[in-house]
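Please keep the sequence and the structure in view while reading.

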Amino acid sequence: MADARTEVLARIRKALGDRPSPVVVPREYHRTGPGSLDLFAERVADYRATVHQVAPDGLVDLITSLLAGRRIVAPADLPPDWLVDQVTWLTDSPPLTVEDLDGSDGVLTGCAVAIADTGTIVLDAGVAQGRRVLTLLPDYHLCVVRASQVAATVPEALARLDAVRPLTFISGPSATSDIELSRVEGVHGPRTLEVVILRD
Amino acid sequence: MGTRNPVTWLGSPKFPDAARTALANTQLRSNLRKATGTIRGRRAAAVDEMPDWEDLRLAGEALKDEVLANLDVYLERLEKSVTERGGVVHWARDAAEANEIVLRLVRETGSDEVVKVKSMATAEIGLNEALEAGGVTAIETDLAELIVQLGNDRPSHILVPAIHRNRSEIREIFRREMPDVPEGLTDEPRDLAEAARAHLRRKFLSAKVAVSGANFAVADTGSIVVLESEGNGRMCLTLPETLITVMGIEKLVPTWSDLEVFLQLLPRSSTAERMNPYTSVWTGVTPGDGPQAFHLVLLDNGRTSTLADEVGRQALRCIRCSACLNVCPVYERTGGESYGSVYPGPIGAILTPQLVDDPHDKQAASLPFASSLCGACYEVCPVRINIPEVLTHLRARSVTARGRSPESIAMAAAAWVFSSPSRYERAQKLATFAKLISRNGRITRLPGPGAAWTSSRDAPVPAKQSFRAWWKENRG
Ligand code: SF4
């Protein structure tokens, strides 16, 4: 008997005996859009996430007011000025254990890209984001989005991303639609998501 | 092969019979009407917001057709890119082979427990039962799957397997089956979600192996994509040391940028959101981040025979959004379990019989008759599967294969009943009447000619006889 791989491929070739003619993919859908920071803020808020907008010189004060007195996870390469006083920082270097993360009060990160149309932030484990688990176990996630990182549409956002990095698209706090098909916030992921839009 | 395809549940009655029983269950019907009614309205709003929705559907249809027309090429490409990034690719001809591979991989890790993120492919192959038989416990972590698993129940919807349960029923299941259930649990959805969070937390933190499905795989880059809401998916995809993903061979998209179409079509069609809370994308293994061993099991299980049918193959475009279920008048009244398969509703009616691919399987062959051909499913399908066209095609195929047998006449009758709302109403009343005289689905006393027989023993609800009576009354 042939191995499974050979047999499945042979079955496919046989099934496609009529080899359908090459398909032309119509691409009339919108690749770009007007997407603005206000739209992004509005759409994030629609998911019942909290949104703040600040100028760069207001960031440190805002972080302090949101995180003071708490034990907050920080990716190893968080910008030094975000590491404000009055916060107990749990830096992921050496790597924190799952117990450390589970026992923390929250996590502060940046992001790779954001999407105005859908109110989504995308993490790619790059600068100021760290490993995927850092934004998963803490129950609170504060994410700083720079204005220049906001793409208008889903196609624009994908074009900016590198597919082979580990990616997490986040649209609001953890939720479920499993009870009578209505969205309820707060299951396994962070139950509170706060987004800071940093106007350049 | 020779073994039975577990995509249908062993011992399920044919659709008309199962539907008749379900029609009598008013609680089920009211739960379903409420849930599908809500989601229909919300989906329409989410779609109306997109001026280019029809263009996205056209692109989605064409991309999937392109993948299917060159499926061998794209699969080999995917295999190469996944392997290059440190993943291991396995091929499975059928359910039994896929289950065997997964069980072997789990055993090799030394673990006797896996956490699972909801996946239609693993439900289709009966993986949990196969693992259980091999001494491995599978823990479902998706809230709806957990409700089904704890309630010892069967899934009744693609996206929300526990859609037939309302909040107070869910609370009862949790109270009964969760060892660590919080005292004074209310039926507030928020409370129920919190209970599930607490129940699964320790499992996630200690899990060594996870099993997932995949919504999409990008042939060019080897990236696998999972959309979810709760974060249980992220837990499974991030925390364990070993990740095993079981994926139907049709789940491919050619390139990374093609995903831009489906990431817009799927969330709005399924949960009626602009975007679902979490989408994870990973490619092979990333050192220092997530599972360090990744296995991808590519599953045929009837897909290649589906591909061979020029009309029927469009069912393989399906992205499992469940929009067609939510708009289907037949599904809303009969519920998912009547279809006897993990794939219920309009998509189930065309996909299940093709995956089973056995003209002698009467239950599967009855499914294409479970429709009124109203066309609502085609209108909402994000990848434009012409479900009525495939239904008609499969009906003709089944009649050709089996002649005018009593079953095919009965099924034609079912189709006839479903195609008129007033006939439907009458059939429902009749079903309610049948319920009145039965206890636990068994008839204890039959009026008329059946009386002598039933007085000596309980008779199971006689499927054919009463169906014929129903047929006669409605037809005559
Ligand atoms: S057939 Fe279409 S509408 Fe139905 S689940 Fe599949 S993609 Fe969605």
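Helices (H or I, at least four residues) and strands (E, at least two) are DSSP runs, numbered from the N terminus. Two strands pair if DSSP finds at least two bridges between them. Strands of a sheet pair through backbone hydrogen bonds, either parallel or antiparallel.

Where do the two chains meet in this sheet? Strand E9(A) is joined by four bridges to strand E9 (residues 278-283) of chain B, and the two run antiparallel. In this pairing A:Leu167 stands opposite B:Val281 in E9(B). Within chain A, three bridges join strand E5 (residues 113-115) to strand E6 (residues 120-123), again in the antiparallel sense. Here A:Val113 stands opposite A:Val122 in E6(A).

## How the model is read

Residues are numbered from 1 along each chain as its sequence is written, while chains are lettered from A and ligands numbered from 1 in the order in which they are written. Because this is a predicted model, local features need pLDDT of at least 70 and side-chain atom pairs count only at pLDDT 80 or more, whereas totals for chains, interfaces and linings use all residues; side-chain values use heavy atoms, with hydrogens and water left out.

## Parallel strands in chain B

Strand E2 (residues 113-116) of chain B is joined to strand E3 (residues 137-140) of chain B by four bridges, and these strands run parallel. B:Glu113 stands opposite B:Thr137 in E3(B). E2(B) also pairs with strand E4 (residues 209-212) of chain B, in the parallel sense over two bridges, with B:Lys116 opposite B:Val211 in E4(B).

## The interface between the chains

Contact (heavy atoms within 4.5 Å) links 74 residues of chain A with 94 residues of chain B. The two chains bury about 7,400 Å² between them, 57% of it on carbon and sulfur atoms; buried area is the accessible area (1.4 Å probe) that two parts lose on being put together, summed over both. A:Glu180, A:Leu181 and A:His188 supply 12% of the area that chain A buries against chain B, more than any other three residues.

A salt bridge is a side-chain nitrogen of Lys or Arg within 4 Å of a carboxyl oxygen of Asp or Glu. In one of them, B:Arg93 pairs with A:Glu7, the closest N and O atoms being 2.8 Å apart. B:Arg201 forms a salt bridge with A:Asp102, where the closest N and O atoms are also 2.8 Å apart. This pair crosses between chains, from helix H10 (residues 189-206) of chain B to helix H4 of chain A.

## Two backbone features of chain A

Most residues other than glycine have a negative phi, and most peptide bonds are trans. The peptide bond from A:Ser93 to A:Pro94 is cis, with omega near 0°; A:Pro94 lies in the loop between strand E3 (88-91) and H4 of chain A. A:Arg48 has a positive phi of about 65° although it is not a glycine, and A:Arg48 is found in the loop between H2 and strand E1 (50-54) of chain A.

## The surroundings of the ligand

Which residues surround the ligand? Those near it (one heavy atom within 4 Å) are B:Cys318, B:Ile319, B:Arg320, B:Cys321, B:Ser322, B:Cys324, B:Ile347, B:Cys381, B:Pro382, B:Val383, B:Ile385 and B:Ile387. By class, this shell has 10 nonpolar, one polar and one charged residues. Ala, Val, Leu, Ile, Met, Phe, Trp, Tyr, Cys and Pro count as nonpolar, Asp, Glu, Lys and Arg as charged, and the others, Gly among them, as polar.
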